[in-house]
Amino acid sequence: MSATKTFTIRDALPDDGDAMLALMPRLTDFDVPATRNPDDLWRDDAKLLRRWIAGEADCLVHAAVDEHERLLGFTMVSLRPELLSHEPSAHLEVIAINKSAEGGGIAKALLAAAERAAGERGAKSMTLHVFANNTRARSFYD
């Protein structure tokens with residue numbers, strides 16, 4: 001269970017950038033296949049986040065913060081057409097939670113905020129990518 005009992009979900013701010021970038025390696029906190037370089041799993045997401053921080057990318061970014069405004073986790077969603085139907089859609093680029101804050105419902109609250117915001121921007125669906133052997137992530141999405 002998480003030591004963090006209270007948190008708030010809010011739109012992320014560029015000032016949250018360093019803390020969000022520091023969480024990116026959490027995306028490889030599973031048994032990464034030997035044929036993959038773990039850094040490759042988050043390097044492009046970090047580039048996209050840096051572009052968002054600089055005001056150069058249109059992404060939906062939400063932050064979970066504690067009562068002292070410390071970052072506990074975040075999501076980053078891009079808006080793009082669905083590959084087959086070409087209808088408005090969204091893609092969950094990143095959901096990352098500080099290890100010490102796991103188990104407190106933060107990921108569920110962040111995902112709900114991301115889905116709500118994407119829907120408000122016209123997305124009819126949301127996609128994501130996850131490795132088959134990333135059992136922690138797969139159990140969350142199931």
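The lining of the second largest pocket divides into four nonpolar, four polar and two charged residues; here Ala, Val, Leu, Ile, Met, Phe, Trp, Tyr, Cys and Pro count as nonpolar, Asp, Glu, Lys and Arg as charged, and the others, Gly among them, as polar. The model is predicted, with local features needing pLDDT of at least 70 and side-chain atom pairs counting only at pLDDT 80 or more, while totals for chains, interfaces and linings use all residues. Residues are numbered from 1 along each chain as its sequence is written, and side-chain values use heavy atoms, without hydrogens and water.

A pocket is an open set of points on a 1 Å grid over the protein atoms alone, where a 1.4 Å probe fits, with protein on both sides within 12 Å along at least five of seven lines; lining residues have an atom within 4 Å of a point. The second largest pocket holds about 160 Å³ of space, a volume being the space filled by probe spheres set on the points, which are joined across faces, edges and corners. Arg 80, Pro 81, Glu 82, Leu 83, Ser 89, Ala 90, His 91, Thr 127, Leu 128 and His 129 form its lining. Strands are DSSP runs of E with at least two residues, and helices are runs of H or I with at least four, numbered from the N terminus. β3 (71–81) and β4 each supply at least two lining residues here, and β4 gives the most, with three.

The largest pocket has a volume of about 850 Å³. It is lined by 32 residues, of which Leu 27, Ile 95, Asn 134, Ala 137 and Tyr 141 are the closest to its centre. Two or more lining residues come from each of β4 (88–97), α3 (106–120) and α4 (135–141). Again β4 gives the most, with seven residues. By class, this lining has 17 nonpolar, seven polar and eight charged residues.
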